[in-house]
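Subject: Handover of the model

Dear colleague,

I am passing on the structure that follows, together with my notes on what turned up in it. Please read the notes with the coordinates open beside them.

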Amino acid sequence: MSRKKLLLAVALVALFIAFFALDLGRFFSLGYIKQQQAALAQAYEQRPAVFIVGYLLVYIVSVALSFPGATVLTLAAGAIFGVLVGTLIVSVASTVGATLAFLAARYVLRDTVQSRFGNRLADIDKGTEKEGAFYLFTLRLVPLVPFFVINLVMGLTRMKAWTFFWVSQLGMLAGTVVYVNAGTQLAKIDSVRGILSPGLVVSFVGLGIFPLIAKWIVDVVKRRKVYAKWKHLKPKTFDRNLVVIGAGAAGLVTSYIAAVIKARVTLVESHKMGGDCLNYGCVPSKALIRTATLMQQIRHAQRYGIHQAQATLRFADVMERVAQIVRKVEPHDSIERYTGLGVDVVQGHARIVSPWAVEIDEGAGRKRVLTTRAIVVATGAEPFVPPLSGLAEVGCLTSDNLWGLRELPARLVVMGGGPIGCELSQAFARLGSQVTQVEKAPRLLIKEDEEVSGFARQALERDGVRVLLAHEALRCERDGERKFLVVEAEGAEKRIEFDQLLCAVGRSARLKGFGLEALGIPVGETIETNEYLQTIYPNILACGDVAGPYQFTHTASHQAWYAAVNGLFGMFKTFKADYSVIPWTTFIDPEIAHVGLNEQEAREKNIAFEVTRYGIDDLDRAIADSAGEGWVKVLTVPGKDTILGVTIVGPHAGELLAEYVLAMRHGLGLNKILGTIHTYPTLAEANKYAAGEWKRAHQPKKLLEWVERFHAWRRG
Ligand SMILES: Cc1cc2nc3c(=O)[nH]c(=O)nc-3n(C[C@H](O)[C@H](O)[C@H](O)COP(=O)(O)OP(=O)(O)OC[C@H]3O[C@@H](n4cnc5c(N)ncnc54)[C@H](O)[C@@H]3O)c2cc1C
């Protein structure tokens, strides 16, 4: 907290303490006001303007400083000014005072709260932005939450001061009238509590929940409007509870969950069961990486005490093995398996024809329409190919057609410095290609911390990849049989000759050709959904790469649960997709694994953190494996063992990360990891040693000094 803020906080607390220490509360008691009623009325009569200004100041200051007594001042207003003027004055004074308290809380505490609870606050802020006015209005109307608490708590959200001001003014009006009116009968009032009869409180509660009911009605009306033009197409009965479009990770898991909970579900796939992950992504790429790693180990056999080792690689065999592995995994995602699990699987192209009907084109002129209560869109994403001039003439590989390659490219240019680009650059370099990797950004793996990007670059360069950062691909050129990529860096152009060009610059969601346009479902880079994964039609949901915000198999299947449950039971209860603990791994060697916040994200979000590091070069098992490089970096809440995020760079980092993912998911801190036995000698011990580093840095130094003295005393 800055000096200025600290001073203000101290001054406010001092004033608050002084209020009680000097017993100033006696001037805000019902008894005192009753006693002074005649004198106050006389003062008002003599100099009304001065009196009103004085009254306003006292009221505003007492509310701004959260002194108790606003109720009594409001009664006094009724007694002195009457209902109309009293209501006007109190309304202005209470709103101005409340807004000052709101601003003071924001100025003094917001940054501190933000840095401690930024992650959780982000969700509250989003909610406040959307529905904060509704909630504030309700809170103001229902006299159950203390007035000053609302002022202070709202100051910690991102609600605009103006919104707070006018909603407060409006929300407090009914209560103000009641109290000012009661004040006109001041002599008859014995206690402030007595003013609000149970009946009146119930009316206020009714008024308070009115905006929520109104909002619900608005939502229903909006929904009806969206469905209105399709209403005539709504079937009386439905063939299915759920139709899922796309049998990648997202669609498979969605349909499986639906079948488990006994829904009648159809899964439609137009191409290959298993989607990108099985056929073009995770599985083949990891199979390729395995061979590449083996080649690298053979190449560096001397590191393991082997005098000489040689391997002759036949690329076609390597790719055949990759294909075999895909075939071996295929049964996991097959039609037979899912049919056995209770899912009706249909091969064909699906198109949404109404909010309750999906047309399936099974080829050879066979088409049929299934009516359904809900639809989940899980159509995935496809490689993005940038519109470079000359690209069509030279041709390019993407993750879609790469796996058909049977000849190792002598010179491979990889466009893209993200995870896919890095994994494939290293793998091809290890298999023997001369790889040049071109990235527009100044570093690889831009979502990771800078030191991680630097490490990745070193790892790739060590394996022979020529990494060109801050190089923008401009165009492709062909000169007879020779092919070039023209790039630009610092204003100068370079021509890079290649035999094959691999495009790995990102993946775009599949949004076209299956009915979204006709239904008017808004799309940006992905389908637009709410937190429940619902589109503007609450019975049409989306998950996986087509919905974003992540593009991983595990996030697709995580979302699938929400899509299935919200699609089938949304009329009773909906669940917000939870993205609080999202892990990912980039499978270069050494691996880079990540969960929660890293340093750059924490700084961007202004979240305070402590960093603990453990170097894997110190780990017995890693040394025994001749793989002692990398580190475990843990971000924690300052002074606490609560984990905010972890980045592990090192051998099998993706496997090591699981322990931290579990810890974060279930709120286990570093002390718990430290108190867990880890088998010796394993790489997983790195996690425990990182926790040990944290513990060492947080030793109770003073206590240990005393313990040292105790031992000295015991020795005599
Ligand atoms: C090279 C590469 C490596 C990767 N490595 C990893 C990794 O290591 N770890 C990881 O977590 N992720 C990885 N990914 C990402 C991962 O593959 C995707 O995030 C995942 O496949 C997304 O699943 P999905 O179900 O959303 O989409 P997809 O798997 O794309 O499935 C969508 C399916 O929908 C079908 N479809 C589309 N439209 C229709 C229609 N109208 N009718 C019927 N069917 C339709 C498509 O044919 C497709 O089969 C990698 C991706 C690539 C390209």
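Ser66 has a relative accessibility of 11%, and because buried means under 20%, Ser66 counts as buried. This residue sits in the loop that leads from helix 3 (48-64) to helix 4, and its phi is near 60°, a positive value in a residue other than glycine. Please keep in mind that all of this comes from a predicted model.

A second residue with a positive phi that is not a glycine is Ala364, where the angle is about 50°. Ala364 belongs to the loop between strand 5 (357-363) and strand 6 (366-377), and with a relative accessibility of 81% this residue counts as exposed.

The backbone also holds cis peptide bonds. One of them runs from Asp589 to Pro590, with omega near -5°, and Pro590 is placed in the loop between strand 17 (583-586) and strand 18. Another runs from Tyr680 to Pro681, with omega near -10°, and here the proline lies in the loop between helix 22 (670-674) and helix 23 (685-697).

Turning to how helices pack, helix 4 (residues 70-81) meets helix 7 (residues 161-183) at an angle of about 60°, and their axes are 6 Å apart. The two helices are therefore oblique to each other, and their crossing is right-handed. On the side of helix 4 the contact is made by Thr71, Thr74, Leu75, Gly78 and Ala79, while helix 7 contributes Thr176, Tyr179, Val180, Ala182 and Gly183.

Another helix pair is formed by helix 11 (residues 282-299) and helix 15, whose axes come within 8 Å and cross at roughly 45°; that angle makes helix 11 oblique to helix 15. The crossing of helix 11 and helix 15 is left-handed. Among the residues of helix 11 that take part are Leu288, Ile289, Met295 and Arg299, and they belong to a set that meets residues of helix 15 including Glu423, Leu424, Phe428 and Leu431.

Strand 21 (residues 643-650) is mostly covered, since 8 of its 8 residues are buried. Strand 18 (residues 591-596) runs antiparallel to strand 21 and is joined to it by 6 bridges, and in this pairing His594 stands opposite Thr647. Strand 20 (residues 631-636) likewise runs antiparallel to strand 21, with 6 bridges between them, and the bridge partner of Val632 in strand 21 is Ile648. Strand 20 and strand 21 form a hairpin with 6 residues between them, and Gly639 in the turn has a positive phi of about 80°.

A polar atom of its side chain lies 3.0 Å from the backbone oxygen of Leu252.

With best regards

Key
Residues are numbered from 1 along each chain as its sequence is written. This is a predicted model: local features need pLDDT of at least 70, side-chain atom pairs count only at pLDDT 80 or more; totals for chains, interfaces and linings use all residues. Side-chain values use heavy atoms; hydrogens and water are left out. A polar contact is a pair of N or O atoms within 3.5 Å; within protein, one must be able to donate a hydrogen and the other to accept it, and residues adjacent in sequence count only if both atoms are side-chain atoms. Buried means under 20% relative accessible area, exposed over 50%, partly exposed in between (1.4 Å probe, protein chains only). Helices (H or I, at least four residues) and strands (E, at least two) are DSSP runs, numbered from the N terminus. Two strands pair if DSSP finds at least two bridges between them. Axes are lines fitted to C-alpha atoms, for helices over the stretch in contact, and angles run from 0 to 180 degrees between N-to-C directions. Angles under 35 degrees count as roughly parallel, over 145 as roughly antiparallel, 65 to 115 as roughly perpendicular and the rest as oblique. A crossing is left-handed if the near helix is turned anticlockwise from the far one by less than a right angle, and right-handed if clockwise. Contact means heavy atoms within 4.5 Å.
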